[in-house]
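Here is a short report for a first look at this structure. Keep the sequence and the 3D view open while you read.

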Amino acid sequence: MWAAAAVVALAAVVLLARWSRELEPIQDFLLQYPGHSELPANAPVGIPAWLGWQHFLNAFFLVLIIRSGWQVRTTTRPKAYWTRKNTGLLKTKAKPAKISLELWFHLSMDVLWLVNGAVFVVLMFATGAWMRIVPTSWDIFPNALSAGLQYASLSWPVENGWVYYNALQVLAYFAVVFIAAPLAAITGLRMSPAWPKDKAALSKALPIEAARRIHFPVMVFFSGFVIMHVALVLCTGALANLNHMFAARQDAGWLGFGIFAASLVVMVGACLLARPIFLRPIAGTMGKISK
C-alpha cells in the first residue's frame, strides 16, 4: 500500500509540474532562471584527476561508515571487543575504554573519512574548485527552484557538469560538505570514547542524547544522498558523467564506466570482508582483542 501510494504521489507531482510548465508566468520564470548560476570568471573548468581519487575514497569510506554504523546500532551482543594500547603518543591518564569490534571499525573508518575530507577541502580551496559547490550569488535559490521544477516534470535541466553544476546540485554538495559532514563528525565524536569526559562545559553544550538524535538522521541523509546521486548520474548521461568523475575526461567513452565498475567491486568486497574474522587481526595491531 505504501509503495502504491508513493507511485501515485510521484505521478501527481509529475503531472502537476508538467501542467505548470505550460503556464506563461512559469515559462517566463524558467527563461529568466534556467537552473544554474553563472560562475565567477576565474572559476576553473573541468574535473581534475585529484577530484576523481577523492570522490572514490570518499564513497569507499562512506559506504563502510554507513555499514558499520548500522552494525553498531543493531548488534546486541558483539562477538569481540577492542581496547586501545595506552602507550606512546596515545598514552592517557584515564584507562582506555573497552568498545565493541564493530564500533572500533566504525570509528576507524570515520578517522580515514575525515582525513580524506580534510585533504579534499584543502585542495578545493587551493585550486579554486570551491566555486563549483559554494553558492556565489543569491540567484542560486530561484535557479534551484527552476531546476527542481524541471526535474519534477521529467524534462531535466541541461547538464554540463564539466563546466558547472546546476543550482540544486550546488546546494546539495554544499550541504554534504559543509553541513552534514561536520554534523556527523561532531556528533560522532561526542558519542565516542575520545570525547573528553572531564570537560563538563563541553558535555553540557552538546548532551550525548542530542548527539544521538542528530547522528542517525545524518546517516539517513547521507544514504539518501548517495542513492539519489548515483541514480541521477546514471540517468543524465552515464558515460559522460562517469568519465568526468572517475577519468577526468570530457567525452562519452567507456574508461570512466570501467573505473566505476572496478570501484564498485572494491566497495562490495570491502563490505563482505568487514567481518570479525578479518577485522580481529587488524584491530589487534592497534589494541587488545577480548571477548
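## H4 and H6

In this predicted model, helix H4 (residues 101-127) packs against helix H6 (residues 167-191). The angle between them is about 150°. Angles over 145 degrees count as roughly antiparallel, so H4 and H6 are roughly antiparallel to each other. Their axes lie 12 Å apart. The crossing of H4 and H6 is left-handed.

Which residues of H4 and H6 make the contact? From H4 come Trp113, Leu114, Phe120, Met124 and Phe125. From H6 come Val177, Phe178, Ala181, Ala184 and Ala185. By class, this contact has 10 nonpolar residues, with no polar and no charged ones.

## H9 and H10

Next comes another helix pair. Helix H9 covers residues 238-247, and helix H10 covers residues 255-273. They pack at an angle of about 70°. The range for roughly perpendicular is 65 to 115 degrees, so H9 and H10 are roughly perpendicular to each other. Their axes are 7 Å apart. H9 and H10 also cross in the left-handed sense.

H9 brings Leu239, Leu242, Asn243, Phe246 and Ala247 to the contact. H10 brings Leu255, Gly256, Phe257, Ile259, Phe260 and Ser263. How do the residues of this contact divide by class? There are 8 nonpolar and 3 polar residues, and no charged ones.

## The loop between H9 and H10

Ala248 sits in the loop that links H9 and H10. Its phi is positive, at about 55°, although Ala248 is not a glycine.

Now look at Arg249 and Asp251. Their side chains meet in a salt bridge, with 2.9 Å from N to O. The count of salt bridges comes to 1. Arg249 has 36% relative accessibility and therefore counts as partly exposed. Asp251 is partly exposed too, with a relative accessible area of 26%.

## Leu154

Another positive phi is found at Leu154. The value is near 65°, in a residue other than glycine. Leu154 lies in the loop between helix H5 (140-152) and H6. Its relative accessible area is 53%. Exposed means over 50%, so Leu154 is exposed.

## Ala274

Ala274 is in the loop between H10 and helix H11 (276-284). Is Ala274 buried or exposed? Its relative accessible area is 4%. Buried means under 20%, so Ala274 is buried.

Which residues does Ala274 touch, leaving aside its neighbours within four places in sequence? They are Arg67, Gln71, Phe105 and Leu279. Phe105 is 169 residues away from Ala274 along the chain. Even so, the C-alpha atoms of Ala274 and Phe105 are separated by 8.3 Å.

## Thr92

Thr92 is found between two strands. Its loop runs between strand E1 (81-84) and strand E2 (98-100). At 36% relative accessibility, Thr92 counts as partly exposed. Thr92 touches Arg84 and Asn86, not counting residues up to four places away in sequence.

## The whole chain

How many helices and strands does the protein chain have? There are 11 helices and 3 strands. From the N terminus on, the elements run α-α-α-β-β-α-α-α-α-α-α-α-α-β.

The protein chain has 291 residues, of which 36% count as buried. Its C-alpha atoms fill a box of roughly 70 × 40 × 40 Å, taken along the principal axes. Take the contacts between residues at least 6 apart in sequence: 71% of them join residues at least 24 apart.

Terms used. Residues numbered from 1 in each chain as written. Predicted model: local features only at pLDDT ≥ 70, side-chain atom pairs only at ≥ 80, totals over all residues. Heavy atoms only, no water. Helix = DSSP H or I, 4+ residues; strand = E, 2+ residues; numbered from the N terminus. Buried < 20%, exposed > 50% of the residue type's maximum accessible area, 1.4 Å probe, protein only. Contact = heavy atoms within 4.5 Å. Axes fitted to C-alpha atoms, helices over the stretch in contact; angles between N-to-C directions. Parallel < 35°, antiparallel > 145°, perpendicular 65-115°, else oblique. Left-handed = near helix turned anticlockwise from the far one by under 90°. Nonpolar A, V, L, I, M, F, W, Y, C, P; charged D, E, K, R; others polar. Salt bridge = Lys/Arg side-chain N within 4 Å of Asp/Glu carboxyl O.
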